[in-house]
Structure formats: C-alpha cells, structure tokens
Amino acid sequence: MEVSLYNRTRAVIQSIFITGVVFVLALLTNIIILEWYVILSFLAGGLIITDLLKIVRNPEFLKDPFFYADIILIFDSFFAPVFHSYTGVWLAFLSPPDDWTPYANTLSLMYLSGLVLFFISKNILLDFSYSLGKKKSRKKVWLPSRKSLTILFLLMIGSFFLQTYFYTSLGGIKGYISHYGEEDRFSGYGLFFIFSEIFPLILLLSYFIISRFKKIYTTKLVSDLFLVLLFLSCLYFGGLRGSRSNTIFTILQAWLLIHLTVRKFTKREFFIAISLFCLFMYFGNLYKRTRGEFVLNNFSVEQQLESSGFEQIIANNLSRYSIQGYLIYKYEPMGYQPKYGKIYLGDVMKYLPSQSLKEIYLDKRKAGTEIISGTDAWNYGDKTSRVFGFMGESILNWGPLLAPFMFILLAYVLYKLRKYIFSLDRNDIRLFLVPLIINMVFILVHGDLDNVVFFVIKRIIPMYVVLSIISNKVYLQSKPSV
C-alpha cells in the first residue's frame with residue numbers, strides 16, 4: 001500500500017503537533033531539563049512518530065517489520081534519553097562519568113543522523129518496490145499435509161523426553177535451578193537445547209494448523225487457555241534456565257500469530273498483555289540477578305525490591321541508550337580502535353563447528369571488554385557479557401563518526417524482510433514464520449548480531465525445516481505486494 005503525498009504531509013503535521021505538545025508539557029512540568037541531548041531526542045522522536053503515523057494507515061501494519069523497528073528505535077532514541085534526564089538513573093554496575101551530558105549529546109546526535117539516513121533509505125526502497133510490484137505472477141504456497149499433525153506430535157514427544165532427561169541428569173528441576181548462573185554447566189549443550197527446547201514452538205504450530213480447520217479453537221476461551229499452557233511449557237522448556245527471551249519471544253510470537261491469523265485481540269486484552277509483560281520482566285530480572293535463589297529460598301519483600309526494580313529494568317533492559325553512551329565515554333580514554341566489521345564476522349563465525357575458525361575470529365565480548373576495561377583486561381579474566389544493541393555494536397565496529405551509516409543497511413534488511421512477509425498467501429503455513437521474523441527484528445535493533453544469528457539457528461531454521469517437511473507445495477496466481 002503506497003502512501004500518498006497527502007498522507008505523508010498529514011503525518012508530518014500530526015507528528016510536529018504531538019511532539020511539540022509533549023515537549024512543552026514536559027518542560028513546564030520539569031520532567032525534562034533543557035539539554036541538547038533532550039532536544040535532539042525530541043527531534044528523533046518526531047521523525048519516528050511521523051513514520052509510525054504513515055505505517056498504521058495500512059490495515060496490515062502489524063505485519064510490517066518497519067513498525068516494530070520504529071517501536072524499538074523510539075525507546076532507544078526518545079523515551080530513554082527523557083527517562084534518564086528525569087530520573088538520573090543510568091548504567092548499573094559500571095563506574096559512571098561525573099556528567100553524562102556530553103556523551104548523551106553525542107549519542108543523540110548519532111541517533112538523529114542515523115534515523116535521517118534510515119528513513120531516506122526506506123522511502124527510496126519502498127518507492128522503488130511500488131514501481132515494480134504491479135505485475136501478477138505464479139507463486140508457491142505451502143499447505144499442511146494430512147500427516148502434519150502426526151509428525152508434530154512425534155516431535156513434541158521427542159522434545160519432552162530430551163528435556164526431561166536433562167532435568168534428571170541435574171537432579172530434577174530443583175537441581176536444574178540450582179545450577180543457574182554456572183555458565184560452564186550449560187556450555188556445549190547448544191545443539192541439544194535446539195531440539196530439547198523446541199516443544200513450545202511445535203505446540204504453537206500445531207495449534208495454528210488445527211485452528212484453521214476447527215473453529216472452536218478460535219474462540220476466546222480456548223485461545224486464552226492455550227496461551228497459559230504455552231507459557232507453562234516455556235518455563236519447563238528453557239525458562240527455568242534463566243532465559244527470559246526464550247519465554248518472551250515465544251509468547252510474543254503466539255500473541256501475534258493468533259491476532260493475525262486466528263482472532264483479533266481487544267484493546268483490553270492488549271493492555272493486560274502489557275501488564276503481564278512488565279510483571280514477567282520484573283520477576284525475570286529478579287530471578288536472573290539472584291541466580292534463582294528467590295525461588296529456592298524465601299526472599300523477603302525488602303530483599304526482592306533491593307535485588308530488582310523497574311527503573312533499572314528500563315535503564316538496562318528495555319533500552320541500550322546508557323551502555324551506548326558509556327561506550328562513547330570510554331572510546332577515547334581507552335584508546336579504542338574500531339574493528340571495521342571484524343566483530344560482525346566474529347558474531348557469525350562463533351557458531352561454526354570448526355574449532356580452528358573459532359580461534360581466529362574477533363569475539364564481541366573481547367572488543368567490549370577492551371573499550372570498557374582496557375586492552376589487557378581480557379587476558380586477566382575480565383570479560384563483559386553486555387549486549388550493546390545495533391548502535392552500540394556499530395560503534396565498536398566503525399566508531400561514533402561512521403556508526404550512523406549502518407542505519408542504511410538496517411533499512412535494506414527490513415525492506416527485504418517486509419517484501420518476503422507481504423509476498424505470502426493468506427493460506428500459506430509459512431505465515432507461522434511472520435511473528436518469528438518480527439521477533440528477529442526486535443533482536444536486530446535491540447540486540448547484537450550474534451544474538452540474531454543464534455535466534456536464526458535456534459528458531460527460524462528448525463521451524464522452516466519442520467514447515468517444509470509437513471507441507472505440500474502448490475502454485476497459485478499471486479497478487480501484487482503491498
């Protein structure tokens with residue numbers, strides 16, 4: 001669906017009005033202080049709001065990867081700086097600068113520059129796509145075979161036995177939780193976890209296929225009960241290992257899949273989902289920081305509040321702005337030299353089976369440790385495991401001056417993903433992959449490339465193979481992409 005000049009102009013006017021009103025109110029109520037990084041963040045927010053207003057005019061905007069990228073970017077470039085300005089809460093567990101302002105100024109200018117390049121690139125790519133996307137052609141559609149549910153049932157049984165065997169090898173679920181935080185205890189099990197923790201995804205795929213043929217599964221009661229069952233399965237299959245993302249991404253995938261293909265959720269259900277997400281992030285953060293102790297032992301309320309907090313969750317989990325500002329703060333004092341793409345290569349090579357290749361790649365953690373703690377820190381066992389986000393990893397690879405240009409590549413990747421999503425027929429069971437791709441977009445912007453590669457290896461590739469096995473391929477006449 002091409003956006004007309006009128007709608008683009010209206011989106012710009014609405015964005016200027018919304019951003020201006022919020023800025024004035026925030027200034028009058030002393031929510032913000034008048035610093036350059038705050039002003040730049042409002043300009044960045046205005047750009048993103050303009051794009052969002054254009055996107056939501058498409059009835060199928062929830063399938064658009066650009067929509068979700070904008071949501072993450074508005075957190076990182078707009079809400080996070082305003083939050084830091086208002087609360088004074090920045091990065092945890094690292095020695096902060098005396099004044100964050102100059103580094104926040106630089107980072108917000110980088111975000112604004114990157115967003116300008118991002119939206120220019122996006123509009124060029126989409127306009128080019130619209131000019132070529134008016135021809136009809138035959139396309140391949142994947143439809144579920146008669147044996148699909150039988151195959152999925154057998155896969156779930158196999159996954160259940162593998163996961164139960166692993167629990168047993170550690171002394172049961174309590175023993176499994178007690179080993180949380182011991183990285184060496186779970187090292188080397190990557191391939192095993194791909195198969196043992198695939199149960200929730202197979203369960204979701206089974207529900208997706210059944211709901212297309214039996215209407216009773218599309219009712220509110222059944223779909224809600226299924227989400228509860230899926231959440232419990234996520235905890236059993238990986239959640240107790242401390243992997244919050246393992247649960248969050250599966251539930252988000254299920255929520256989107258049901259909303260897009262089974263039944264539409266109401267606004268009330270949407271806000272309930274957001275509330276439950278916040279609670280899960282709170283207790284998940286508590287579980288992670290106490291290494292599962294609050295489950296095995298009776299923590300007091302005071303201990304729980306001391307171990308976790310929504311301010312730190314917002315500052316360190318929902319946004320990467322503070323760690324990216326910290327990279328800028330440490331960039332010159334540590335004499336850091338950009339790696340010019342070597343970290344990206346290392347993010348991919350670290351998952352290759354060849355040990356000789358693993359020994360020559362540049363580890364992202366090594367580069368992160370170098371800029372945070374110094375060149376020699378890695379050799380003395382000081383190894384950071386922080387996630388830097390798209391902008392942060394761009395800084396590590398190219399430096400602050402060139403990092404914003406990576407937003408051009410980001411726009412291209414999102415364009416290709418969008419093109420694939422909107423090419424799928426409404427009866428194609430590869431629609432199951434759409435929420436997975438959307439999850440990957442969150443990781444692409446909010447995480448690092450090694451997180452993206454891991455997500456593709458653990459979730460997208462196995463489920464693509466499963467879909468290929470259980471489907472029949474037919475050709476239909478296609479319609480123009482939107």
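A: A salt bridge here is a side-chain nitrogen of Lys or Arg within 4 Å of a carboxyl oxygen of Asp or Glu. The model is predicted, so to speak of a local feature requires pLDDT of at least 70 and side-chain atom pairs count only at pLDDT 80 or more, while totals for chains, interfaces and linings use all residues. Residues are numbered from 1 along each chain as its sequence is written, and side-chain values use heavy atoms, with hydrogens and water left out.

Q: OK, how many salt bridges are there in the whole structure, and which residues are linked in a network of them?

A: The search of the whole structure turns up 13 salt bridges. A network of such bridges links K220, D224, R263 and E269.

Q: Zoom in on D224 and R263: how far apart are the closest N and O atoms, and where in the chain do the two residues sit?

A: The closest N and O atoms of the D224–R263 salt bridge are 3.1 Å apart. The bridge connects distant parts of the chain, with D224 in helix α10 (residues 220-236) and R263 in the loop between α11 and α12 (267-289), 39 residues apart. Helices are DSSP runs of H or I with at least four residues, numbered from the N terminus.

Q: And is R263 buried or exposed?

A: R263 is buried, with a relative accessible area of 13%, whereas D224 counts as partly exposed at 25%. The cut-offs are under 20% relative accessible area for buried and over 50% for exposed, with partly exposed in between (1.4 Å probe, protein chains only).

Q: Which residue does E370 meet in a salt bridge?

A: The side chain of E370 meets that of K339, at 3.2 Å from N to O. E370 belongs to helix α19 (residues 364-373) and K339 to the loop between α16 and α17, so this pair ties together parts that are 31 residues apart in sequence. E370 is buried at 16% relative accessible area, and K339 is buried too, at 15%.

Q: What about D428, which residue does it bridge to?

A: D428 forms a salt bridge with R430, and the closest N and O atoms are 2.8 Å apart. D428 is buried at 0% relative accessible area, and R430 counts as buried at 11%.

Q: Switching topic: how many cavities of 30 Å³ or more are there?

A: The count comes to 2 cavities of 30 Å³ or more. A cavity is a set of points on a 1 Å grid over the protein atoms alone where a 1.4 Å probe fits but cannot get out, and its lining residues have an atom within 4 Å of a point. Points are joined across faces, edges and corners, and the volume is the space filled by probe spheres set on them.

Q: What lines the second largest cavity?

A: The lining consists of I194, E197, I198, P200, L201, N246, T250, K458 and R459. Helices α9 (199-211), α11 (244-261) and α23 (449-470) are the elements that give two or more residues to this lining. The second largest cavity holds about 60 Å³ of space.

Q: And what does the lining look like by class?

A: The lining has 4 nonpolar, 2 polar and 3 charged residues, where Ala, Val, Leu, Ile, Met, Phe, Trp, Tyr, Cys and Pro are nonpolar, Asp, Glu, Lys and Arg are charged, and the others, Gly among them, are polar.

Q: Back to R459, what is the nearest side chain of opposite charge?

A: R459, in helix α23, is buried yet has no salt bridge, and the nearest side chain of opposite charge is E197, 7.1 Å away.

Q: Then which side chain does R459 make a polar contact with?

A: The side chain of R459 contacts the side chain of T250 at 2.9 Å. A polar contact is a pair of N or O atoms within 3.5 Å; within protein, one must be able to donate a hydrogen and the other to accept it, and residues adjacent in sequence count only if both atoms are side-chain atoms.

Q: Last one: what is the phi of Y340?

A: Y340 has a positive phi of about 50 degrees although it is not a glycine. Most residues other than glycine have a negative phi. Y340 lies in the loop between α16 (321-331) and α17 (342-349), and Y340 is exposed, with a relative accessible area of 54%.

Conventions: 1 Å grid on protein atoms, 1.4 Å probe; cavity = no way out; pocket = protein on both sides within 12 Å on 5 of 7 lines; lining within 4 Å. Lys, Arg positive; Asp, Glu negative; His and termini not counted.
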